[in-house]
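Colleague: I would like to go through some side-chain geometry in this model. Can we take it residue by residue?

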Amino acid sequence: LSSETLDRSATYSVSLGSSVFVTLRASRTTSTDLDGTSHDDNAVSAGLFMPLGPARSASVNVQRQNEVRTSSLQFQQTAPPGVGWGYRVSADRSDLPDHSHIRSGGAELDYRGGYGLYAATINRTNEFHSSTLSAAGAVTLIDGSVNLSRPITDSFALVRLKGVPNVRVLSHNQVSGRTDEN
């Protein structure tokens, strides 16, 4: 148990041109136990972020926290609010004080469809592997008609334009679907 914690940190961020951002950070956390014993946690990090397009980016980060050094690399493309694909690929390596290493990495593929959200994820840390598949959606009943959609977390609308197919339906100024012939 800790009876008192003091956090101090400083962060400096700068843009190098229009497409590269650098962030430097240093922090120190001092915790005092109930018996009066004090513990310090020190960390310094440097990161580089590069947009590679409207929804794509790459980042690299190095950090030293106490005696552990960690390096990280990540590429990602954010799935659009409408229909489309997104992905994330990452790799990390931590060097421990006993000269051992922790290596981890992962990949995720996302699809935002008109009838649901779908994802596949694979992660690895040293010899341990995990993977997941997920799907989320909703079923609505409106005027006797059963409809499939993405998960509904707020309000929703059903757009019907009889005989007028392929009309874009917008949500927050992004295409979220299209009408069919019904």
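**Side-chain contacts and ring pairs**

Modeller: Note that the model is predicted. The side chains of serine 90 and arginine 88 make a polar contact, at 3.1 Å.

Colleague: Is serine 90 buried or exposed?

Modeller: Serine 90 lies in strand 6. Its relative accessible area is 15%. The cut-off for buried is under 20%, so serine 90 is buried.

Colleague: Which residues is serine 90 in contact with, leaving aside its neighbours within four places in sequence?

Modeller: Contact here means heavy atoms within 4.5 Å. With the neighbours within four places set aside, the contacts of serine 90 are Leu73, Gln74, Ser104, Gly105 and Gly106.

Colleague: How many aromatic pairs does a search of the whole structure find?

Modeller: Rings pair if their centres lie within 6.5 Å. On a search of the whole structure, the number of aromatic pairs is three.

Colleague: Is the pair of tryptophan 85 and tyrosine 111 stacked or tilted?

Modeller: The ring centres of tryptophan 85 and tyrosine 111 are 4.7 Å apart, with the planes at 45 degrees. Stacked needs planes under 30 degrees apart and edge-to-face over 60, so this pair of tryptophan 85 and tyrosine 111 is tilted.

Colleague: How many residues apart in sequence are the parts that this pair ties together?

Modeller: Tryptophan 85 is in strand 6 (residues 84-95), and tyrosine 111 is in strand 7 (residues 101-113). The separation in sequence is therefore 26 residues.

Colleague: Which residues do ring pairs link into a cluster?

Modeller: Tyrosine 111 also pairs with tyrosine 118, with centres 6.3 Å apart and planes at 20 degrees, so that pair is stacked. The cluster linked by ring pairs is Trp85, Tyr111 and Tyr118.

Definitions and conventions. Residues numbered from 1 in each chain as written. Predicted model: local features only at pLDDT ≥ 70, side-chain atom pairs only at ≥ 80, totals over all residues. Heavy atoms only, no water. Phe/Tyr/Trp six-rings, centres within 6.5 Å; stacked < 30°, edge-to-face > 60°. Helix = DSSP H or I, 4+ residues; strand = E, 2+ residues; numbered from the N terminus. Buried < 20%, exposed > 50% of the residue type's maximum accessible area, 1.4 Å probe, protein only. Polar contact = N/O pair within 3.5 Å; in protein donor to acceptor, adjacent residues only side chain to side chain.
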